[in-house]
Structures are given as C-alpha cells and as structure tokens.
Amino acid sequence: MSTSPATFPATERPWTLPSRRRVGMFCLIAAESAIFVIFLVAYIFYIGKSLTGPTPRQVLEIPIFNTVCLLSSSLTIHLAVRALQRGKTATFKLFWFLTLALGAIFLFGTGREWHRLIYSAGLTISTNLFGTTYYSLVGLHAFHVLAGLLGLTIVMLLALAAKVTEEHTEHVDVFSLYWHFVDVVWVVVFTTVYVVGR
Amino acid sequence: MSSNSVPIPDAIDSTKPTSGEAWLLEALHEWVITVDHKKLGIMYIVAGLFFLLLGGLEAVIIRIQLLVPHAQFVSPEVFNRMFTMHGTTMIFFVIMLILFGFGVYLVPLMIGARDMAFPRLNAWGFWMSTFGGLLLYFSFVGGDGLYGAGTAPDVGWWAYAPLTSRAFSPGHSTDYWTVALLVSGFGSVAIGANLVATILSMRCPRMTLARMPLLCWLYLVMGALLLFTITPLTAAQLMLMVDRYLGGHFFDTQAGGSAVLWMHFFWIFGHPEVYVLVLPAFGFVSEIVPVFSRKPIFGYPIMVAATVGIGFISLSVWAHHIFTMGMASYSNAFFVLTTMAIAVPTGIKIFNWLGTMWGGKIRYELPMLFCVAFLFQFLVAGLTGIMLGSAPFNWQLNNSYFVVAHFHYVIVGGILFAILGAFYYWYPKMTGRLLNQTLGLWNFWLLLIGFHLTFDFMHFAGILGMVRRIYTYEHGRGWEFWNVVIGVGTLFQVLGLSCFVFNLVWSYFQGRPADRDPWDGWTLEWATASPPPEYNFSVLPEVKSARPLWDLKHPEDPDWKYQ
C-alpha cells in the first residue's frame, strides 16, 4: 500500500569483470595473428617472383581431405566443451579424442605432402622463393597445430585420469579458442596458398 | 600532509630471517623463485639499470671516437659493434625493461589488485627478457664463429638486408642479435598479454575503466600495442633465421627476394615500438603532474581518447622511416599525412598537461622538475619529428645526425626524463625511503645541461651533413666544434646519471624514511604501506571515483559527487 516504505533496487549492479583466462587467450591470438599476417604478406608479395621452378601450379595438390579433417575438428572440440559443461565426461572424452585424432591426421597429411614435395617434386625451402615462403607459412601453421596437439594430448591424459570435470569447463573452453584460431588460420592459409597463389 | 589519517588497514610486517650466509641464500632463493609482481617489477628495473650501464658505456666509446677527426680510439669493426649494441641495448633491454618494471609494479597496486592476472607468466616474461639481454652480451664471448669473423653484432640495430645475409655477416654475431631479440620478444608479448588481462580483469570493485588512473590506461594501450608490435619483428627474425640457416631467400635479392621487404617489416615493428616506449612515459607524467599541481588531471576522457588514438595511428606511420628508399608518391603522401595526424593526439596530451598545471599550486619537487623538462623536451622532439615526417625534408636529412638528435630527444629528453621522474616519485613506495634531494638536484641539472649540450648541437652537425654511423671524418667540414660540444655534453650526462645511480644505492640504506604517502597522492598505491606487503591490500578497496584517496582524505568534498 501507499504506506509501505519505498524499496530501491539493489544499490548497484554486481561487480563482474571479463575472465582473465579468456582475455589472456585473446591476447595470445591477437599476437599470433600478427605473426601470421607478416608471413602471409611475404607469401603474397612473392607470388610469381621465383626466378626458377618449380611453380605452385606444377607441384601443389589441393589437400581437400586434410582441410575437411581440420575444420571438422573445430566442431568436435566445440561438442566436447559443451558435453563437459553438462557434466557428460564420457561424451567429452569421446569428442576430445576425435579432435585429437583429426588434428593428428591433418599433421600427418602435411608431413606426407612435404615428403612428396621434397622427394618427388624436388621443392625444398632453399630451392626458390616459392619454396621458402611455402614451407615457412605452412610450417608455421603446422607448428601451431603441433602445439595444439600437445595441449590436446595433455588434457586427454588428464581426462583419462578422471582429473577433468565440469568445473574445468572454462579452462577447456579457453583452450578450444586456440584450436578454433588454428583452424581459422588454416582457412586463410589454404585460400592464399592453394587458391590465390596457385 | 594528511597521509596518516587514511583509514585503510595496514599490513603486518613479516619477520626477516637472521644469520648471515643462510639469510643471503634464502633471500636469493626467494628472489629467483618469486612470482610476486612487486619483486618482479624491481628485478625488471634492476636488470634495466644494469643494461643501462652497458649501453651507456658504449655511447661513451662512440662519442670518444668521434670527438676529433681521424681519431683511432677503437677500430672501425669495434665502432660498428658499439653503435649496434648501444641501440639494441637501450631500446630492448633498458627502456623496455624499466618500463615493464614500473608497469608490473604499479598497475596491480593502482587498480587495487593483489597481483597480475598471470603471476607465473609474469616471472616467465621477466626471465625471458633478461636472458635475451644476457644472450646478446654473451656474443662478445661466444660470437666468434668463424675465423675470428666477428664477436658482437655489427649490423646496426635495424639490421638491414642484405648486410645480415651469410655472405656479408659470417660467423654467429648476427644470430646472437636475432635470437636475443626473439627470446626477449616472447617475454615482451607475455608481458603485453599479462598487462591487458590484468587491467581488464583484475580491477577492484567499482573501479570502472573511466575511474582508472591514467597510467593504467596508458599501460593498457601499451600492452595491446606490444601484441601487434613485437610480433612482426618476431616474424621477420624467423624469416632471417630461415635465410641464414636453411638457405631461404626472403631477403636474398639474387634469388628474387627483396631487401625492401625487411625494411618494411622492421619498421612495422619499429615505429609502434616508439609508442610502446613513450606511452608509459606519458603515464608517469599524467600521474605526477596532477599530484604536484594539486589539481585533478585536465581532460581525462580526452587523454584516454588521445591515448587510444595514438595506439591506432601508430600502426600506420612506419614508412616515414624509409622515405629515401623511393616509394610511389601516393605512398609518400599517405605516410606524411598519417605522421602529421599522430601529432594531433600527442599535442592534445601536451596541452592537457599544461592545462593541469595552469592555475595549480605547483610544488617543484624532483618528480615535477623532471616532468617539466619532459614537457619542453618532448615538445621539441615532436616538432623535429614533424619536420622529418614531411617527405622532402626527410630526403635531405634522413640518415644524418639530425635524425639521431631527433630520436634521442624523444628517448632521452622525453622518455628517460619521465622515467627518472617516476623513479623519484615511486622510489619511496618501493623501498620505504625517499631519494636524496641534493643528489637528485645534481642529477637533474647535470643531466639537463649534458642532454642539451649533446643533442641540441647534434641537430647542427646533422644539418651540416654529418651522417650517422660514420667511423670518423675529415678536417674542415665544420663538424669539429659540434662534436667536441657533443662530447662535453656526454660527460655531463655521465656525471648526472652517476649521481642518479649513486643516489639509488645510497638512499636505499641512508635515505629519509618515507611514510605510505609522502607526496599526498590520490591513487591507490599510496593507500598501502611503503613498501607494500606481499598481498598489497589486506582488504580489497572499493572505489567511487578516479581519485579514491582524495575521497578518503576529504570526505566533505569527495570527487564522486561530481562524476
């Protein structure tokens, strides 16, 4: 009624700040992006400037299967994080393992491609500008995949030891950001190397 | 001063272990394994000062060699090493380390946090950066790779291709330079990420972004810039490694590569780097000037906007370092315009500091003296910067001592003076003792006189055609007199900085004890003990305005009423 004391809403909004883990990961991603941008610029700048063969068109084959594997691993890691969020650790482990496997297939595929390029096509990092820029750019990305695989493996081992539970959702989620980043970079690298540069 | 009336609970002093040797080992162990932001901050600063001595020694050797024509104080090879090491050391291992030190020390205190967002990453960054510097200096011993081909790096601090290729730089000297900067670069990126995460995610209750001390804003932008600045250099260094070790062709013109690409990549790093260095200096000035003018900072929102603006524009001005390389006219025009544009937010800052002092009750204590000198000198540095930023003028004077004078005006006259102001301002907080006033005045005046003798007259030598990095010169070019003046100025600077270093050591043991708030400050670091306890604040503060200590000291007239 009119005599009841006026109640003001709670003084101020609760004090919340962005998660430091997320911010930290986004910073890492920003820094890594800058490194990739420089390597991409070098790659694009040197397209068609090699003085000797072989040229990209002669030796590069489009790695469709590899690409599909890596990109679908983004989906599986997302599903894994969602499963963990809901406390379904078994599903989490399954999808996490799938991610690991798909990433490993990608890395193995890159290795096979390099083997073919070096031993059949005669393209090494010192052959010509294409070789220098190609191995540097794709190698830099492969290195990031490798780093991601190490992280995935550690989490996998911890999960098998039943040390990863619902409360670690944020940790795992932040790690998945890195993995998504590696995938996005591959889209750009793929477009540059296999579509534009070929 | 009303400092002791501040009702914030104090820290309990932890007891120190006794007995000589055991105590020393324990203390050493504690400093090596520490992840505490205050200890790491001090370690950063001490490491930076150590490298300052080395870099300063190299500068002295350079000036002695150039004092008179046809001097043979050192050999040409040694001279090349000296200017390379001087530049690399001063940028990466002196100014950056000291700024990181102040950053990791002050930012958590100022935002009312107990530590950085990632304390262990903080320690990692420190050790990476410092080991990078030690690695660089190890090259004097270990760089002798091939037939006595070289010891320390001698390719200049920007290491243009193709001078760095295997053919022109045999041995390992260039590799020491590359790896040292790679390693310290990882440390810098870690610090950048850590600063951003700390400032965004660790602020004490109710400290909104608009209530942060300006210093934190400047470190936020600096941290973000580090992420985009150091990494292009990292990428370029990786390419150089590929060229040198795997036979790549990135910068190999004989295989179609481009030396110009290195210039672009280096300066994409190099120019924002200047702002990485100068933004924290702006931060120091923005904290010191209001406290010693007894007025809140003038135009806080504009200062923030100018800071962020500088951050963005600084990423698009790099090619004004390489006008003489011969770019298309529209590229020249673009970089001239962006360079002119960045003068606008910088000018806004200068006016805001003046506006803060205007009508204030100015106390000319030592920190303020250094800031006033900073204002004047940084203004001159900015004006010569605008001169050099216009392409035709640049074509005339690029690579001359005019340029050397300009950027030393920025780095010594601007940044170093602001850093010294910061030392005099925050030393009592870090150690609990004030720096000695008399020694401080000697430091200030000797350095000021020396600075102006050296770098004012370097402009003249440059206009008269003296090129940078030359080993020696002929009689009768009109440079003799200026080089003697420059040399005398160097002596004054050495004396001034010696006073400073001596003051640091002497005051640590003998200085006048400082209470928690010797300057009657307004930001949170003055609310805790000097030196602060390990956990900084026994109760995390809750702030209502940009000057929380003012609110506590003046409950009858708090800031938050007007914000």
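## A cis proline in a loop of chain B

B:Pro531 is placed in the loop between helix H14 (480–510) and helix H15 (548–553) of chain B; helices (H or I, at least four residues) and strands (E, at least two) are DSSP runs, numbered from the N terminus. The peptide bond that leads from B:Ser530 to B:Pro531 is cis, with omega near -15°. The loop between H14 and H15 of chain B also holds B:Asn536. Phi of B:Asn536 is positive, near 65°, although the residue is not glycine. B:Asn536 is buried, with 23 other C-beta atoms within 10 Å. A residue is called buried if 20 or more other C-beta atoms lie within 10 Å of its own, exposed if 12 or fewer, and partly exposed in between, with C-beta atoms placed from the backbone.

This is a predicted model, in which local features need pLDDT of at least 70 and side-chain atom pairs count only at pLDDT 80 or more, while totals for chains, interfaces and linings use all residues. Residues are numbered from 1 along each chain as its sequence is written, and chains are lettered from A and ligands numbered from 1 in the order in which they are written.

Most residues other than glycine have a negative phi, and most peptide bonds are trans. In the loop between helix H4 (119–142) and helix H5 (173–201) of chain B lies B:Pro162, joined to B:Ala161 by a cis peptide bond with omega of about 0°. The loop between H4 and H5 of chain B is also the place of B:Ala159, a residue with a positive phi of about 50° although it is not a glycine. B:Ala159 counts as buried, having 22 C-beta neighbours inside 10 Å.

## Chain B as a whole

Chain B has 15 helices and zero strands. Its radius of gyration (taken over C-alpha atoms) is 24 Å, close to the 24 Å from the globule rule (2.2 Å times the number of residues to the power 0.38) for 563 residues, so chain B is as compact as a globular protein of that length. The C-alpha trace of chain B spans about 70 × 55 × 45 Å along its principal axes, and 54% of its 563 residues are buried.

After H3(B) comes B:Gly112, whose phi is positive, near 70°.

B:Pro280 lies in helix H7 of chain B and counts as buried, with 28 C-beta neighbours inside 10 Å. Leaving aside neighbours within four places in sequence, the contacts of B:Pro280 include B:Leu99, B:Phe102 and B:Tyr219; two residues are in contact if their C-beta atoms, placed from the backbone, lie within 7 Å. B:Pro280 and B:Tyr219 are 61 residues apart in sequence and 6.0 Å apart in space, C-alpha to C-alpha.

## Contact between the chains

Chain A gives 26 residues to the contact and chain B gives 32 residues. On the side of chain A that touches chain B, helix H1 (20–45) and helix H5 (129–160) of chain A each supply at least two residues. H1(A) gives the most to that side, with 13 residues.
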